[in-house]
Amino acid sequence: MSKRSLPRGPRDPASPPGLVEHYFRHEYGRLVAVLVRRVGLRHLEAVEDAVQGALTTALTAWVASGIPDNSGAWLYRVAHNSLLGVLRKDEGRQQILDSAAGPLLDDGEEPVSPVFAGEVRDELLRMLFVCCNETIPQESRLVLALKTLCGFSIGEIAFRLFTTEANVYKRLARARNRLRLGEVDLETPPVELFCSRLPSVHAVIYLLFNEGYLSTHTAHAIRAELCEEAIRLGTLLATHPASAAPTTFALLALMHLHAARLASRRDATGGLLLLEEQDRTLWDGEHLHQGAAWLARSAHGDTFTRFHAEAGIAAEHCFAPSFADTRWNAIAELYAMLERIDPSPLHTLNRAVALAEGQGPEVGLASLDGVVPPAWLDGHYLWDAVLADLHRRVGNAAAAERHREHALAAAPSTAVRQLLERRLTKTAP
Amino acid sequence: MSKRRYLVLFRNRPTGGQPGASPEQMQQMFAAYNVWKEQFKDAILDMGDKLRSEGRVVTASGVADGPFVEAKEVVGGYMIVSAENYDGAVEVVRACPAVHAPGVSLEIREMTGAKM
């Protein structure tokens with residue numbers, strides 16, 4: 001019996017029985033998904049309150065008498081009963097309840113907690129697809145997923161997304177209003193729902209990952225957490241028959257290959273490190289292994305998406321023996337493919353960098369000839385930094401200095417400025 | 001056994017709709033509670049319980065219903081600790097993670113043991 005209960009922490013057998021990392025947060029997501037399915041999306045807030053209450057009760061009860069054997073079922077029972085009480089009390093909604101939430105109110109018996117991994121996975125996935133309803137603005141989808149599926153509080157979301165609590169609350173309210181109209185999502189068969197909405201789900205997971213990966217938080221744990229959540233949701237997606245598609249595998253490969261290098265992107269003081277400065281022995285072997293495996297699986301079929309191209313580029317970096325021995329021409333080619341799938345001047349810029357490494361700075365610079373950066377990129381530090389570097393390497397000192405000054409002035413953070421100063425003042429190789 | 005017994009009352013002041021702890025914070029509190037419980041396992045005689053907010057007040061003139069939302073503070077829980085004296089009891093209670101929860105104060109009252 002106790003084998004089924006996850007929470008005994010594997011970390012330190014000597015310490016009193018604990019909980020696996022993020023147990024409460026992940027249970028929050030599981031319970032919300034399961035209960036929403038039972039009572040309907042319009043009761044999402046009541047469900048979240050009940051789950052929050054159950055966790056609070058658990059905190060006291062488990063401190064007093066230890067973690068019960070089947071802690072998941074324990075939490076489910078408490079949340080379910082309290083939700084039942086609240087919905088019953090709410091007489092104003094009695095009629096709606098009678099018609100729509102009959103099954104919940106009718107079963108007077110002990111509620112059965114879904115314990116089979118597959119069932120829980122299905123409910124979590126369904127909730128993820130519900131969150132990714134196209135009628136919800138994308139930034140609201142992200143916040144909704146972080147709140148309901150990942151169990152972050154509004155304050156925690158605001159902190160991680162560098163925004164205000166009021167803003168997070170506003171996004172969440174917008175999403176919840178939409179959800180009330182989207183009740184039909186709960187009844188749609190998974191396969192149909194999954195097929196039509198998969199691109200939106202991919203986009204939200206990728207956004208979530210990048211919020212962590214590109215974040216300028218100095219605390220590694222804060223950044224890694226969002227990346228881990230994105231990988232967790234991506235893995236759920238990749239292991240369900242209805243969403244296990246080459247694109248999903250490519251996205252998951254991409255996230256693993258980036259995550260492998262997350263810890264090595266900064267030095268001990270939190271300063272950013274260039275790829276060539278990173279200690280490759282710090283790259284996470286498990287993530288590299290997973291990334292390679294999912295990348296191999298993504299190669300089936302005839303789809304080639306932006307995720308395939310980006311995962312391919314990440315793999316070239318990850319599996320190159322050193323910076324110098326990187327297959328830069330293959331990377332340049334992948335950036336060219338990426339540009340065709342998803343045109344962006346950033347890809348053009350990255351291709352120029354790869355060409356400069358593979359074929360010389362003249363070739364890199366020439367590939368940018370006649371490229372007019374859009375307003376948002378013109379004046380962005382990346383554009384000037386690359387031009388400063390390439391001009392310096394071909395010997396155009398004046399142009400190099402001009403772009404260097406622009407890049408430094410436009411640096412968004414001290415960490416980036418320090419990195420630019422280091423990179424752009426080096427003597428020509 | 002020269003130790004005295006103390007009743008600890010948890011009093012909660014309404015926090016004005018402020019959100020409670022997040023799941024992640026709860027997990028940290030759970031860990032902190034376990035450390036505290038282990039550290040003072042000899043002093044904590046009874047972990048006590050939490051109290052629901054509804055209740056009844058009985059007086060000679062009758063029975064009144066709770067909840068007592070008008071009250072500035074309500075008793076939200078209790079526990080029993082043993083210590084040589086108030087200093088000892090305060091040491092146990094001050095280390096309790098609940099001290100840091102918003103709006104919470106802990107009142108320590110020595111039990112007379114009169115019934116024994």
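Which residue follows H1(A), and is its phi positive or negative? H1(A) is followed by A:Gly40, with a positive phi near 105 degrees.

This is a predicted model, in which local features need pLDDT of at least 70 and side-chain atom pairs count only at pLDDT 80 or more, while totals for chains, interfaces and linings use all residues. Residues are numbered from 1 along each chain as its sequence is written, and chains are lettered from A and ligands numbered from 1 in the order in which they are written.

Helices (H or I, at least four residues) and strands (E, at least two) are DSSP runs, numbered from the N terminus.

The contact between the chains (C-beta atoms, placed from the backbone, within 7 Å) involves 21 residues from chain A and 16 residues from chain B. On chain A, these helices each give two or more residues to the side that touches chain B:

| Helix of chain A | Residues |
|---|---|
| H1 | 23-39 |
| H2 | 44-65 |
| H8 | 154-161 |

H2(A) provides the largest share of that side, eight residues.

Chain B has two helices and six strands, in the sequence order β-α-β-β-β-β-α-β. Of its 116 residues, 17% count as buried. Among the contacts in chain B with a separation of 6 or more, 75% come from residues 24 or more positions apart.

Notes: Two residues are in contact if their C-beta atoms, placed from the backbone, lie within 7 Å. A residue is buried if 20 or more other C-beta atoms lie within 10 Å of its own, exposed if 12 or fewer, and partly exposed in between; C-beta atoms are placed from the backbone.
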